[in-house]
Amino acid sequence: MEQTTTRWEQAMNGQQTTMNSNNGVKSGSTSDSARQSDSSEKQTLPSDSTSRVATGGDSPPWRLLGRYSEINKVKCRRVHAKLGSSKDLVLFHEEGKFYAMGAWCSHMGGPLFQGQIEDYKGTCHVMCPWHAYMFDLKTGKNELGLQQDVFPVKVESGTVYIQHKSELSLNPFL
């Protein structure tokens, strides 16, 4: 747990970690020079923004979600996990950045993917549609002490990835 806190503190001080695009993710044969020239569309969130997901020092693999040009059209969407609906995520696209957190509110299980993105005290929050609890998109924190699991998101070479232990899909697994 100490290591997670340290990385979180670094992230809060503006130090971000950039992950290799094929760290656990199968990717095409994009050359390094093509990746470097495409840095304008590269976004990486802190490697572990207070997430309670990473365990035992091993980071989950980066999961390919889809093309940025398709995914950025929706501000708030459900992302399905192959491990079951309790592991589903919600992906937010706000002010040109992506954020991911657990899909179900830590208060009483409300569907955060049906929530509204709000500016609350100067930062982006999602408001749970059931009881109006507000959660910071970056940290998953709530003023009352509730905490949502948050997951790193990165965009590389026009593709969106989420770091998660389960395979992910924009459509339900059958």
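Buried residues are those with under 20% relative accessible area, exposed residues have over 50%, and partly exposed residues fall in between (1.4 Å probe, protein chains only). Helices (H or I, at least four residues) and strands (E, at least two) are DSSP runs, numbered from the N terminus. The structure is a predicted model, in which local features need pLDDT of at least 70 and side-chain atom pairs count only at pLDDT 80 or more, while totals for chains, interfaces and linings use all residues. Residues are numbered from 1 along each chain as its sequence is written, and side-chain values use heavy atoms, with hydrogens and water left out.

View 1. Strand E4 covers residues 89-94, and because six of its six residues are buried, the strand is largely enclosed by the rest of the structure. Leu89, Leu91 and His93 point one way from E4, whereas Val90, Phe92 and Glu94 point the other way, and all of them are buried.

**View 2. The partners of E4 on either hand.** Strands of a sheet pair through backbone hydrogen bonds, either parallel or antiparallel; here two strands are said to pair if DSSP finds at least two bridges between them. Strand E3 (residues 76-81) runs antiparallel to E4 and is joined to E4 by four bridges, one of which can be followed from Val79 to its bridge partner Leu89. E4 also pairs in the antiparallel sense with strand E5 (residues 97-102), over six bridges, and the bridge partner of His93 in E5 is Phe98. In the hairpin of E4 and E5, two residues lie between the strands, and Glu95 takes a positive phi near 50 degrees.

**View 3. Aromatic pairs.** Rings of Phe, Tyr and Trp (its six-membered ring) pair if their centres lie within 6.5 Å, and planes under 30 degrees apart count as stacked, over 60 as edge-to-face and the rest as tilted. A search of the whole structure finds two aromatic pairs. Tyr68 and Phe98 form an edge-to-face pair, with 5.7 Å from centre to centre and 85 degrees between the planes. Tyr68 lies in helix H3 (residues 68-71) and Phe98 in strand E5, so this pair ties together parts that are 30 residues apart in sequence. Tyr68 is partly exposed at 27% relative accessibility, whereas Phe98 is buried at 0%. The rings of Trp104 and Phe113 have centres 5.2 Å apart and planes at 80 degrees, so this pair is edge-to-face; Trp104 is partly exposed at 29%, and Phe113 is buried at 16%.

**View 4. Lys154 and two rings.** A charge sits over a ring if NZ of Lys or CZ of Arg is within 6 Å of the ring centre and within 35 degrees of the ring normal. The charged end of Lys154 sits over the ring of Trp62, 4.6 Å from the ring centre, and Lys154 also lies over the face of Tyr161, at 5.4 Å from that ring centre.

**View 5. The open sheet E6-E7-E8.** Three strands form an open sheet in the order E6-E7-E8, with antiparallel pairing. E6 and E8 stand at the edges, each with a single partner strand, so one side of each is left without a neighbour in the sheet. E7 and E8 pair over three bridges, and in E8 the bridge partner of Val126 is Phe135. Lys121, in the loop between strand E6 (116-120) and strand E7 (123-127), has a positive phi near 55 degrees and is exposed at 65% relative accessibility.
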